[in-house]
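Please keep the sequence and the structure at hand while reading.

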Amino acid sequence: MNRALLIARREYGAYARTVGFWLSLLALPFFAGIGGGMAYLVERGDPVRNVAFVEAETAERPMTPAVLDALALEQRKSIAQSIRSAAVTEAGPQEAERLRSLALQEGTEPALAEMRRVAPRAAAGFSAPDQDVRVVDAPEAITSATGEARIEAVRAALASEAEPQLDAIALLGRDAAGAPSAELWVRKASDREAEFAVRDALIEVNRRESLERAGVDPGLVSGLELFRPDLQSFSPSSASGAEVSFRDQLPGIIGLAIGFLLWSLVITGASILMNSVMEEKASKVLEVLLSSASTTEIMVGKVLGVAMLTLTVLAAYAVMGIVALTSFQPQVLADVGSVLMEGGLLIYLLIYLVGGYLLYAVIFTAIGAFCETPRDAQTLMGPIMMVLIVPLLVMQLAVRTPDAPLVKILSLVPPFTPFLMSARAPSQPPLIEHVGAIGGMALLIVLAIWLSGRAFRAGALSDVKLSWKSLGSVVRGGN
Amino acid sequence: MPALVLDDVSKRYGAFQAVRDLSFQVEPGTICGFLGPNGAGKTSTIRMMLGLQPASSGRIEILGADDGRKVRDRIGFLPEERGVYKKMTPVDTIAFFAGLKGVPTGEGRKRARALLDAHGLGASKTKKMKALSKGMAQKVQLLASIAHQPEFVILDEPFSGLDPVNQQGLEQIIRDLAAGGATVLFSTHVMQHAERLCDKVVLLARGQKAFEGTVTEARARSTRFLELEGALEQAAVAALPGVASVDAVGEGEGGAKFRAALAPGAEAQAALRSAFISGLDVRRFEMREPTLHDAFIDLTGDDPDQDQRQTEIRAEEAAR
């Protein structure tokens, strides 16, 4: 066993001591941070367009106040949605929806005051999204001019560098049917933000005018549109035993995350193992190792070394996640903890994680023993990758509908068990299914270890490429 | 008790017979040369000794065990094709492989430093293996195979790829190991090393043993030659006592040159004495004792260097 540990330590050190390992370890959170940050910067970095509205020369009644009302309503909807999104994890979906309704019906300030009460952390970090357009007064040179002179004044205003710079000027009017229309002049031909805002505003104005003409109070219609029913979901299987909350969605999210995590760990860990063995075979170190340790010790050492490596990655991500959740969403952290402890879920997940890694690690190690170059490995990897694609495709269904017959059957097929049962486990499938799945997986692992051990020994010392013929020879015990 | 016993050992790979009915013994504390051209079955036999491959038939006993794997901590092994972890330092490399043989890490590192210092690699202790020359890396690998102070050292073609200075250094290491009580078995197709080092040689050709014994015994199995030069007739040379056959080998400075093969047990002095008494005009003579290389060719019909030369010719052709 000492030899296995020594090999494991060397294997671990060979990768953990490299700069590349730490760079790749930090790459995921770094790029996740960059990605999130970039989205925020793009949203915040988009400048507000200054738009001026000019009434038509022949307008019988001004349209500008209605357009400004429509723009304000749009802005309020956008802020209300942001409040809901910010509050949902801390306050739950029902409270978040209530905050949105409050923002729509009573305005941003009352909604924020309530948010500070029900979701104080989210409220502390909340900032309202910038509006897309800012309405500014049209220059007098435009409003006082008519005909071609007005157009010339518009051109001059859009070319002017004087502050505040105008990004767009909407010349409001009406079409032949009397519906609101506009001639929009923009500073940059490629900029369509003002166009979207003005179009939405004109649609709203037209809607209100049409309702008024039909004798319906537009305020009543707005009120109806903004109404959000106070809907609460209940389930006897919810965490509270009654009301459904975000806590009840966590098992699905955790299942999906664990399933994908296991999948990526298997792919990266097993690939590292395969490459390591390939390198040792090509450099002839494997023969020296075989003269110093048994096949089992070498395989165990390697599998253990890379397992420690993947656990290092896992632990680093777990620590980062815990720190982030403790800082921003402590309630979510507590909920994740309670989900993992419920019904022995953590134990099941560990069994599937270890089982899945072991199953594919020994297979990939044996493949490595028959190959000296990645090209050699490609043909052998093909069928295994095809097997590994199946759980990836079914995993989302396993989370949404863990009891679907297809999911149930596939999760009991041993090569898919680690991934699909990990995804299903948070939804508490019956114990008998766990037992059956773990039993089948264990049998396959024993078979894989036995077969891979033979293949490893045969492949490590021969120049024979792995094929169905050579595999048959290995199974029969030939050399 | 012999350190190594092979009894009727055979190895087949499918239809190919790599080793056939091979039997020999190696006594403790001796140096044994395992000689043969490339493809003779040396590496297969060594792998069977180590337990890396099972024998198809026959019995192998090494250090009293029926399987090399049971006594692997007491064996040191240097494979034919060298390989090291390129990113490790020589100290780490030696300590790691010594560790696999049961030497604690601290002690392994101590021994590694001492061995590297003793063999002129002290300045390279902390360099990565990839920064070392091929010869230096080979030396490190050899040191890694003996750092655990094994009782039995098996070296597969240890001289291959080394320059003459390093070959001399390696010969000294082998002598020192034997002087320290270890049994050394090394394979080679270069007979000169075996001639200088071995207490015993086993000659292998096409998977079969052609000879087992001392270097002197091997040479004695080969024909000795007496070379004569002068105004001589071939028939007169052939008539000398103890001469079995004569070949004319051209003209020398003193006249015609003849190569006379002596019959087994015949004395060269008797033939020379007879030549002078009978008044033959001998202007130059030389007694040619057979080398191990000659003995190998006589005993096996193979040239141990032939495969190597063919390999070199192929390499040169490929390079052109």
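Predicted model: local features only at pLDDT ≥ 70, side-chain atom pairs only at ≥ 80, totals over all residues.

Residues are numbered from 1 along each chain as its sequence is written, chains are lettered from A and ligands numbered from 1 in the order in which they are written, and side-chain values use heavy atoms, with hydrogens and water left out.

**Largest pocket.** A pocket is here an open set of points, on a 1 Å grid over the protein atoms alone, where a 1.4 Å probe fits and protein lies on both sides within 12 Å along at least five of seven lines; lining residues have an atom within 4 Å of a point. The volume, which is the space filled by probe spheres set on points joined across faces, edges and corners, comes to about 1,100 Å³ for the largest pocket. Its lining holds 31 residues, and A:Ile258, A:Leu261, A:Ala318, A:Val336 and A:Leu340 lie nearest the centre. Two or more lining residues come from each of α2 (19-45), α10 (246-282), α12 (295-328), α13 (330-341) and α14 (345-369) of chain A, where helices (H or I, at least four residues) and strands (E, at least two) are DSSP runs numbered from the N terminus. The largest share, ten residues, is that of α12(A).

**Interface.** Contact, meaning heavy atoms within 4.5 Å, joins 26 residues of chain B to 21 residues of chain A. The buried area, that is, the accessible area (1.4 Å probe) lost on putting two parts together and summed over both, is about 2,300 Å² between chain B and chain A, with 56% given by carbon and sulfur atoms. Two salt bridges are counted between these chains, each a side-chain nitrogen of Lys or Arg within 4 Å of a carboxyl oxygen of Asp or Glu; B:Asp73 and A:Arg3 meet in a salt bridge through their side chains (2.7 Å, N to O). On chain B, β1 (4-13) and α2 (90-100) each supply at least two residues of the side that touches chain A, and α2(B) gives the most, with four residues.

**Loop residue.** B:Lys125 lies in the loop between α3 (105-118) and α4 (134-146) of chain B. Leaving aside residues up to four places away in sequence, B:Lys125 touches B:Thr89, B:Pro90, B:Val91, B:Arg113, B:Leu116 and B:Asp117.
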